[in-house]
Amino acid sequence: MRSLLNITDLSLEELEGLLSTAQDIIANPAKYATACHGKKLATLFFEPSTRTRLSFEAAMLELGGSVLGFSEASSSSAAKGESVADTTRVVGCYADIIAMRHPKEGAPLVAARKAGVPVINAGDGGHNHPTQTLADLLTIRRKKGHFENLTVGLCGDLKFGRTVHSLVGAMARYAGVKFVFISPEELKIPRYIITDELEPRGIPYKEVTDMEEVMGELDILYMTRVQGERFFNEADYIRLRDTYILTPEKLSAAKEDLIVMHPLPRVNEISVAVDDDPRACYFDQVLNGKYMRMALILMLLEVTV
Ligand code: CP
């Protein structure tokens with residue numbers, strides 16, 4: 001029985017398999033419409049979500065399965081003090097697979113040890129968000145055609161932005177990829193990502209504070225929201241939240257085939273005027289996320305179509 005806690009739990013071959021299945025689902029949706037008949041997905045969301053929870057639920061429904069779950073901790077017995085371990089052990093009696101979001105880093109690992117069914121990390125604190133990365137990878141594959149030899153700029157809250165941590169883990173495995181980390185000093189990428197994932201493999205990276213200085217170098221610009229919910233000090237959040245605001249004027253220095261990505265939700269960091277630019281891909285990511293979650297559910301339930 002497999003769970004997905006970190007994007008690097010998947011081999012490159014498995015990632016290719018998921019991308020291939022997702023593209024087949026896009027081309028032949030009817031083929032998959034009853035693939036998970038009789039199976040149940042539980043969505044246990046201890047933190048708010050729009051895209052991840054609803055796309056997991058849409059994914060299971062489009063595979064012919066059923067969904068159950070909760071969308072906030074306060075409507076579960078966690079509010080009475082029940083542990084993550086006990087909650088997931090209980091839910092494992094009702095569901096065939098669990099997608100779980102939790103504010104504490106590592107909570108899905110605890111769940112996976114107790115649930116008795118596959119557990120998917122749908123975002124754990126400021127740590128990882130592997131299924132957002134699946135959505136991001138399908139978007140990059142569909143827009144750029146390849147992962148190799150791309151210069152990937154990641155901009156905003158690189159400290160708490162779990163989607164960034166997972167995307168770096170995935171893209172670092174492809175040849176010729178370079179990273180440009182664009183953030184204020186206080187929100188730099190965690191050192192362990194540099195020392196454990198990039199430096200030992202000689203992967204080129206640089207850290208800058210000015211987005212416009214590097215705009216012309218980038219093949220991908222991955223914008224992120226400053227994660228106010230992870231700050232200890234509201235004054236710091238207010239000071240930092242609008243550090244980067246992408247506008248059409250700033251994009252004028254970018255490559256013609258740049259793609260602009262964002263895991264969403266966006267607050268101010270991308271002007272709505274950018275939405276009409278053909279390089280804006282953030283709503284493509286939303287739809288691609290559903291297809292990749294369908295592919296992942298099939299893989300973890302060992303359903304063949
Ligand atoms: N990208 C993402 O995780 O969005 P939600 O918080 O709405 O699920």
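In this predicted model, a nitrogen atom of the ligand lies 2.9 Å from a backbone N or O atom of proline 263. Of the 260 Å² of accessible area that the ligand has on its own, the protein covers 92%. The space that the ligand takes is the largest pocket.

**Surroundings of the ligand**

- The residues around the ligand are Ser49, Thr50, Arg51, Thr52, Arg101, His129, Gln132, Pro263 and Leu264.
- By residue class, this shell consists of five polar, two charged and two nonpolar residues.

**Polar side chains at the ligand**

- In the side chain of serine 49, an N or O atom is 2.6 Å from an oxygen atom of the ligand.
- Arginine 101 places a polar side-chain atom 2.9 Å from an oxygen atom of the ligand.

**Domains of the protein chain**

- The domain assignment divides the protein chain into domain 1 (7–128 + 287–300) and domain 2 (130–285).
- The centres of domain 1 and domain 2, taken over C-alpha atoms, are separated by 25 Å.
- Contact between the two domains involves 34 residues of domain 1 and 29 residues of domain 2.

**The ligand and the domains**

- Domain 1 and domain 2 each contribute at least three residues to the shell around the ligand.

Conventions. Residues are numbered from 1 along each chain as its sequence is written. This is a predicted model: local features need pLDDT of at least 70, side-chain atom pairs count only at pLDDT 80 or more; totals for chains, interfaces and linings use all residues. Side-chain values use heavy atoms; hydrogens and water are left out. A residue is near a molecule or strand if one of its heavy atoms lies within 4 Å of it. A polar contact is a pair of N or O atoms within 3.5 Å; within protein, one must be able to donate a hydrogen and the other to accept it, and residues adjacent in sequence count only if both atoms are side-chain atoms. Accessible areas come from the Shrake-Rupley method with a 1.4 Å probe; for residues, only the protein chains shown count as cover. On a 1 Å grid over the protein atoms alone, a cavity is a set of points where a 1.4 Å probe fits but cannot get out, and a pocket is an open set with protein on both sides within 12 Å along at least five of seven lines; lining residues have an atom within 4 Å of a point. A molecule sits in a cavity or pocket if more than half of its atoms lie within 2 Å of its grid points. Ala, Val, Leu, Ile, Met, Phe, Trp, Tyr, Cys and Pro count as nonpolar, Asp, Glu, Lys and Arg as charged, and the others, Gly among them, as polar. Domain bounds come from an automatic or database domain assignment. Contact means heavy atoms within 4.5 Å.
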